[in-house]
Amino acid sequence: MVSLHWRTRSRQVGCSVQPETIHDFGGFPAPLYALQYPAKGAPEVAREVADHLVQVGMPIQLNRDQGLDHGAWVPLMHILPGAALPVFQL
């Protein structure tokens, strides 16, 4: 999943086993902050993607700590409400 809300100084790919749901916003009603998107990560696939990007000359770093920001989990809650597919973020 690509999100414009994940800002880094370098290109990164998330490779967490269980990415947390990040509530990276403010000023909304409390129930919104209780929402969770418990998708599993896909660290093996994330590493493959990173390897391919490096091979084509696009340096990228693996990030084991990054969860899913609201630019990722909000649309996914509507598209895949059961969080049945593994997700990693670029």
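Biologist: Is Phe 28 buried, partly exposed or exposed, and what is its relative accessible area?

Modeller: This is a predicted model. A residue counts as partly exposed when its relative accessible area lies between the 20% limit for buried and the 50% limit for exposed. Phe 28 has a relative accessible area of 47%, so this residue is partly exposed.

Biologist: Which class does Phe 25 fall into?

Modeller: Phe 25 has 18% relative accessibility and therefore counts as buried.

Biologist: How is a pair of aromatic rings described?

Modeller: Two quantities describe such a pair, namely the distance of the centres and the angle of the planes. In this structure, a search of the whole model finds three aromatic pairs. One of them joins Phe 25 and Phe 28, with 5.5 Å centre to centre and 90° between the planes, an edge-to-face arrangement.

Biologist: Why is the pair of Phe 25 and Tyr 33 called tilted?

Modeller: Planes under 30 degrees apart count as stacked and those over 60 as edge-to-face, so the remainder are tilted. For Phe 25 and Tyr 33 the planes stand at 45° and the ring centres are 5.1 Å apart, so the pair is tilted. Tyr 33 itself is partly exposed, because its relative accessible area is 28%.

Biologist: Which residues form the aromatic cluster?

Modeller: Phe 25, Phe 28 and Tyr 33 belong to one aromatic cluster together with Trp 73.

Biologist: What pattern does the protein follow along the sequence?

Modeller: The protein contains three helices and two strands, and their order along the sequence is β-α-α-β-α. Of the contacts with a separation of 6 or more, 74% are between residues 24 or more positions apart.

Biologist: What radius of gyration does the protein have, and how does that value stand against a compact globule?

Modeller: A compact globule of 90 residues would have a radius of gyration near 12 Å, and the 14 Å of the protein agrees with this. The C-alpha trace spans about 45 × 30 × 20 Å along its principal axes. Among the 90 residues, 36% count as buried. The accessible surface comes to about 5,800 Å², and 60% of that area belongs to carbon and sulfur atoms.

Definitions and conventions:
Residues numbered from 1 in each chain as written. Predicted model: local features only at pLDDT ≥ 70, side-chain atom pairs only at ≥ 80, totals over all residues. Heavy atoms only, no water. Phe/Tyr/Trp six-rings, centres within 6.5 Å; stacked < 30°, edge-to-face > 60°. Buried < 20%, exposed > 50% of the residue type's maximum accessible area, 1.4 Å probe, protein only. Helix = DSSP H or I, 4+ residues; strand = E, 2+ residues; numbered from the N terminus. Rg over C-alpha atoms; globule rule 2.2 N^0.38 Å. Contact = heavy atoms within 4.5 Å. Areas by Shrake-Rupley, 256 points an atom, 1.4 Å probe, with all protein chains shown as cover.
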